[in-house]
Amino acid sequence: MFTKHHEHVVPNLRTGVRFYFSSVSTSGYVPFHWHSSLELVCVLKGALRFNLDGQIYHLKENQFVLVPSGGIHDVTNQPNQAFVLQIPFQVVSPYFDHPERVQFLNGQTQLPEYQTIIRLVTMLGQASENHLESSSFDFGIALLQILRLMFPPSKPHLQIGTPMNK
């Protein structure tokens, strides 16, 4: 039987999010867990396999997965490099009511929004590596643009996130 645990996300940036570059040189496994934050994992090199609420996602270079709050997931990895962005609801709630009610459409690589998010995550990485005071502005701008693409507009169309009926 699989056990799952709650991962407590501790922000590491002024914006209230946790963002980091992950470089893993060996294959491995992260057991089933969940967190009360949104998580975006974008693969730069290598491959990851996510089991998210029973759905399998095979990620390769320039692909990402959005893990909703409470989404039970495990990760199997080959050697890889990735950016990880964890976003507590406190960051989203001033902009979007009930972010916990959004279900993300993963694997939509053909959407222009999907490719834009990859570009913006790369910009987050560049801003976090640059140690100028003004880099915080660049990071914040890219973060808000990612959130805007993740959450649906008031008039639905093809999008990364869709409201769930709750």
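View 1. Phe83 is buried, with a relative accessible area of 7%, where buried means under 20% relative accessible area, exposed over 50% and partly exposed in between, using a 1.4 Å probe and protein chains only. The model is a predicted one, in which local features need pLDDT of at least 70 and side-chain atom pairs count only at pLDDT 80 or more, while totals for chains, interfaces and linings use all residues. Residues are numbered from 1 along each chain as its sequence is written, and side-chain values use heavy atoms, with hydrogens and water left out. Phe21 is partly exposed, with a relative accessible area of 41%. Phe21 and Phe83 form an edge-to-face aromatic pair, 5.7 Å centre to centre with 65° between the planes; rings of Phe, Tyr and Trp (its six-membered ring) pair if their centres lie within 6.5 Å, and planes under 30 degrees apart count as stacked, over 60 as edge-to-face and the rest as tilted. Because Phe21 lies in strand β2 (residues 18-24) and Phe83 in strand β7, the pair ties together parts that are 62 residues apart in sequence. Helices (H or I, at least four residues) and strands (E, at least two) are DSSP runs, numbered from the N terminus.

**View 2. The stacked rings of Phe64 and Tyr114.** The ring centres of Phe64 and Tyr114 are 4.1 Å apart and their planes stand at 15°, so this pair is stacked. Phe64 belongs to strand β6 and Tyr114 to helix α2, so the pair ties together parts that are 50 residues apart in sequence. Both Phe64 and Tyr114 are buried.

**View 3. The largest nonpolar core.** This core has 31 residues, and those with the most contacts inside it are Leu40, Leu85, Ile87, Leu143 and Met150; a nonpolar core is a set of buried Ala, Val, Leu, Ile, Met, Phe, Trp, Tyr and Cys residues joined through side-chain atoms within 4.5 Å. Among the elements that each supply at least two residues are β4 (37-52), β7 (73-88) and α3 (135-150), while α2 gives the most, with 7 residues.

**View 4. The two sides of helix α3.** The buried residues of α3 include Phe139, Leu143, Ile146 and Met150. Seen down the axis of α3, its buried residues fall within an arc of 170°, so they line one face of the helix; the arc is that of the directions from the helix axis to the C-beta atoms. The face turned away from this buried side carries the exposed residues Phe137 and Arg148.
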